Amino acid sequence: APIKPPELNKCGEARDVASGDLLDVNCCPPLTDTIIDYKLPNFTKLRVRPPAHKVNKEYLAKFEEAIRRMKALDKSDPTDPRGFMQQANIHCAYCNGAYDQVGYPNIDIQVHESWLFFPFHRWYLYFYERILGELIDDPTFALPFWNWDNPKGMQMPKIFDTESSPLYNKNRNQANRPPTLIDLGFSGASDDLQVVVNNLTIMYSEMIRSVNSTLDFMGQPYIAGQLPRPGMGSSERGSHIAAHVFVGDPRNKYSEDMGNFYSAGRDTLFYSHHANVDRMWSIWKTLKTDVPKEINNPDYLNASFLFYDEKKRLVRVKVADSLDYKKMGYEYEKVDIPWLNYKP
Ligand code: C2O
């Protein structure tokens with residue numbers, strides 16, 4: 001059977017996944033009686049997610065205003081599920097053991113290290129983006145993506161590094177602020193050109209060369225009653241983790257914010273990082289390789305999650321409805337993909 005959505009009224013303590021330490025946070029969402037089965041709404045225009053290093057002033061002003069309003073909700077109504085901390089806590093609740101699987105009180109729900117990784121984060125960003133759009137009354141608002149797979153995007157995007165901006169977060173590795181290049185393979189190379197070459201090689205490898213089956217890319221099956229974390233796909237294990245580690249602050253005990261599940265969503269950069277992870281899923285699906293790009297197992301397709309939408313309604317969403325992002329109303333601005341032919 002598929003993983004069922006959590007029972008919010010049974011949300012409990014959160015623990016650090018690596019050490020098992022109890023965390024001093026309450027990441028449980030507000031409760032609501034009614035759960036609505038979510039139907040993808042109609043739309044007239046796709047939201048187009050731009051690369052973060054290329055956005056213009058006008059876009060940046062809108063994005064900053066939306067984040068400012070989302071953060072303001074934390075103060076004006078901390079129980080508003082659209083507030084920034086509430087949004088960050090979604091990641092904590094689904095990733096740090098706050099929820100047990102329905103019917104299995106000793107088995108956690110965990111959305112990493114399995115085939116739920118891509119669909120869960122796609123839905124998470126989907127609602128986060130819609131909430132931001134709602135807060136500035138712009139139904140076309142689209143999140144920027146951190147284009148770390150392109151040499152021009154291999155630094156933390158500058159828009160996140162301006163100290164006066166609501167996008168700024170001080171809990172980041174100070175040594176890795178721009179213009180330091182991300183090193184997707186932890187190669188330790190000191191020469192920038194070498195880092196770029198290594199990064200492109202890693203992208204080629206995790207998207208193409210080392211992917212011999214659908215699950216190699218997507219992650220391993222995870223169904224009801226099964227212990228969490230059966231195995232990561234190549235993208236989650238590679239570039240995805242590398243960017244978390246690159247941004248996470250080594251001065252903090254659990255490398256907060258980006259370096260730990262419970263706190264990662266407190267960094268505005270998290271959502272742009274994951275937009276690029278999501279973009280990798282969408283690009284992978286278009287590759288002309290022999291590996292089938294869809295998982296047809298009903299235990300995958302019917303797995304479901306709960307989120308609050310932009311109108312504060314609690315909705316139940318299914319993996320099956322996340323497979324075609326254009327039906328969800330967004331797409332990615334086209335940019336060069338230099339690793340595509342980067343055979344080492
Ligand atoms: Cu849910 Cu990048 O982590």
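I began at Phe-186, which sits in the loop between helix 3 and helix 4 (192–209). The model is a predicted one. I then took the C-alpha distance from Phe-186 to Val-197, 11 residues apart along the chain, and got 13 Å.

The loop between helix 3 and helix 4 also holds Pro-179. I checked omega there: the peptide bond from Pro-178 to Pro-179 is cis, with a value near 10 degrees.

Next, helix 4. I compared its length with expectation: its 18 residues should span 26 Å at 1.5 Å a residue, and the end C-alpha atoms are 24 Å apart, which agrees. I listed its buried residues as Val-195, Asn-198, Asn-199, Leu-200, Ile-202, Met-203, Glu-206 and Met-207. I looked for what covers them, and the cover includes helix 6 (234–247) and helix 8 (268–286).

Core. I found that the largest nonpolar core has 86 residues. The residues with the most contacts inside this core are Cys-92, Tyr-94, Leu-116, Phe-120, Trp-123 and Phe-127. Which helix gives the most to this core? Helix 3 (residues 117–135) does, with 11 residues. For Leu-116 I set aside neighbours within four places in sequence; the contacts are then Ile-3, Val-111, Tyr-222 and Ala-303.

Annotation. I looked up the UniProt record, an unreviewed entry, which lists residues 112–129 as "domain: Tyrosinase copper-binding". In the model I find this span to be 72% helix and 0% strand, with its end C-alpha atoms 21 Å apart.

I traced an open sheet of three strands in the order 1-6-5, with mixed pairing. Strand 1 (36–37) and strand 5 (304–308) are at the edges; each has a single partner strand, so one side of each is left without a neighbour in the sheet. I find strand 1 and strand 6 (residues 314–318) running parallel, joined by two bridges. One bridge I noted pairs Ile-36 with Val-315 in strand 6. Helix 3 lies across strand 5 and strand 6, and I get an angle of about 15 degrees between helix 3 and strand 5.

Hairpin. Strand 3 (residues 100–101) and strand 4 (residues 104–108) run antiparallel, with two bridges joining them. They form a hairpin with two residues between them. I see Gln-101 opposite Tyr-104 in strand 4. In the turn, Gly-103 has a positive phi of about 85 degrees.

Backbone exceptions. I kept in mind that most residues other than glycine have a negative phi, and most peptide bonds are trans. Which way does phi go at Ser-255, positive or negative? Ser-255 is not a glycine, yet I read a positive phi of about 55 degrees. Ser-255 is in the loop between helix 6 and helix 7, and I class Ser-255 as partly exposed because it has 19 C-beta neighbours inside 10 Å. Asp-257 lies in the loop between helix 6 and helix 7 (261–264) too. The peptide bond from Glu-256 to Asp-257 is cis, with omega near 0 degrees.

My last entry is Lys-312, in the loop between strand 5 and strand 6. Lys-312 is not a glycine, and its phi is positive at about 65 degrees. With 14 C-beta neighbours inside 10 Å, Lys-312 counts as partly exposed.

Key: Residues numbered from 1 in each chain as written. Predicted model: local features only at pLDDT ≥ 70, side-chain atom pairs only at ≥ 80, totals over all residues. UniProt positions renumbered as here; feature names shortened; annotations may be inferred. Helix = DSSP H or I, 4+ residues; strand = E, 2+ residues; numbered from the N terminus. Core = buried A, V, L, I, M, F, W, Y, C linked by C-beta atoms within 7 Å. Buried ≥ 20, exposed ≤ 12 C-beta atoms within 10 Å, placed from the backbone. Contact = placed C-beta atoms within 7 Å. Pairing = 2+ DSSP bridges. Expected span 1.5 Å × (residues − 1). Axes fitted to C-alpha atoms, helices over the stretch in contact; angles between N-to-C directions.
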